Amino acid sequence: MLPRKWYYLTLHLKPRITCMRPSLNSGLKSLILLNKMLVIATLALASIAPNLDAQSAFALENDLTVAEQYLFTAANEARANQGLPPLRLDPVLTEASARHAREMANHTAISHQFEGEPELAARGANAGAHFSLISENVGEAPSSVIIHDLWMQSPGHRANLLDPSVDSIGIAIVKRDNQLYAVEDFASTVKTLTLNQQERAVAGVIAQSGMLVSDTTDDARQTCTMSAGYAGSRQPWFIMRYTASSLNTIPSQLKSRLTSGKYHQAAVGACSASRKSSFTAYNIAVLLYP
């Protein structure tokens, strides 16, 4: 049996864990018999890494081994065949992948977490990645060709490779005793922005509705940090606090308020997360006034 684990995480709730064990097809069985041990597993976590320019991305790609380069090329070819955009090779995710690949080689086994090792989201965050979603494929085989082919044959691994929600990948392979221990970490990265940049982005979206957006005040930012109520002496008629991984859109409920005709001015406040999380998100408060 091939272990397949899915971890779903929302930004404000504890993860819900479901374990699924698909049947091993005959092709995989024969490969395992021929190659000592050939097992693959997949893990996906739902809940931003720094952008590389073209030159640094090219340099990173050149640092890959031949086997790693094959996995990277094969992944993007598979995505292109489905009309999906290519994945960006991310140095931080690659470092996280390399650390875990070394753990697998040291244990001569594959897993998404060994004793004493952080789980996937924490591994990515500890390496310095910023993301709203992170997923992982791991595998062990004599060649990267076999590993990629097996991932593409497995629904869970294939879904990770062809996930339209992810935009970045980290790849690492460690060789031990003629076996390759491979890790692919996928992520939907979240761009690192200052509070001012976040507020300007949201204000721009709101302004498209014709609403007048005032300059951000300390009261608006303080209101963002509060679970209820508002800061300052001026009382808003409506407050929406929300968390998002993208600032290109606003919640539908807020859109409805903006077009209701009841409000004529808005203020936007951004704030840092009140509690530590491996996942990155923007925390926004929009205050509407008559």
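Strand S11 (282–289) is buried on both faces. Tyr 282, Ile 284, Val 286 and Leu 288 point one way, and Asn 283, Ala 285, Leu 287 and Tyr 289 point the other way. In S11, 8 of 8 residues are buried (under 20% relative accessible area, 1.4 Å probe, protein chains only). This is a predicted model, where local features need pLDDT of at least 70, side-chain atom pairs count only at pLDDT 80 or more, and totals for chains, interfaces and linings use all residues. Residues are numbered from 1 along each chain as its sequence is written, and side-chain values use heavy atoms, without hydrogens and water.

**Strand S11 and its partners**
- Strands are DSSP runs of E, at least two residues, and helices are runs of H or I, at least four, numbered from the N terminus.
- S9 and S11 pair antiparallel over 7 bridges (pairing needs at least two DSSP bridges).
- Arg 241 has Ala 285 in S11 as its bridge partner.
- S10 also runs antiparallel to S11, joined by 7 bridges.
- Ala 270 stands opposite Ile 284 in S11.

**Helix H9**
- Ala 220, Thr 223 and Cys 224 are buried in H9 (residues 218–225).
- These buried residues fall within an arc of 105° seen down the axis, so they line one face of H9 (the arc is that of directions from the helix axis to the C-beta atoms).
- They pack against S9 (238–244), S10 (265–271) and S11 (contact means heavy atoms within 4.5 Å).

**Helices H3 and H6**
- Residues of H3 that meet H6 include Tyr 70 and Leu 71.
- Their partners in H6 include His 148 and Trp 151.

Notes
Buried < 20%, exposed > 50% of the residue type's maximum accessible area, 1.4 Å probe, protein only.
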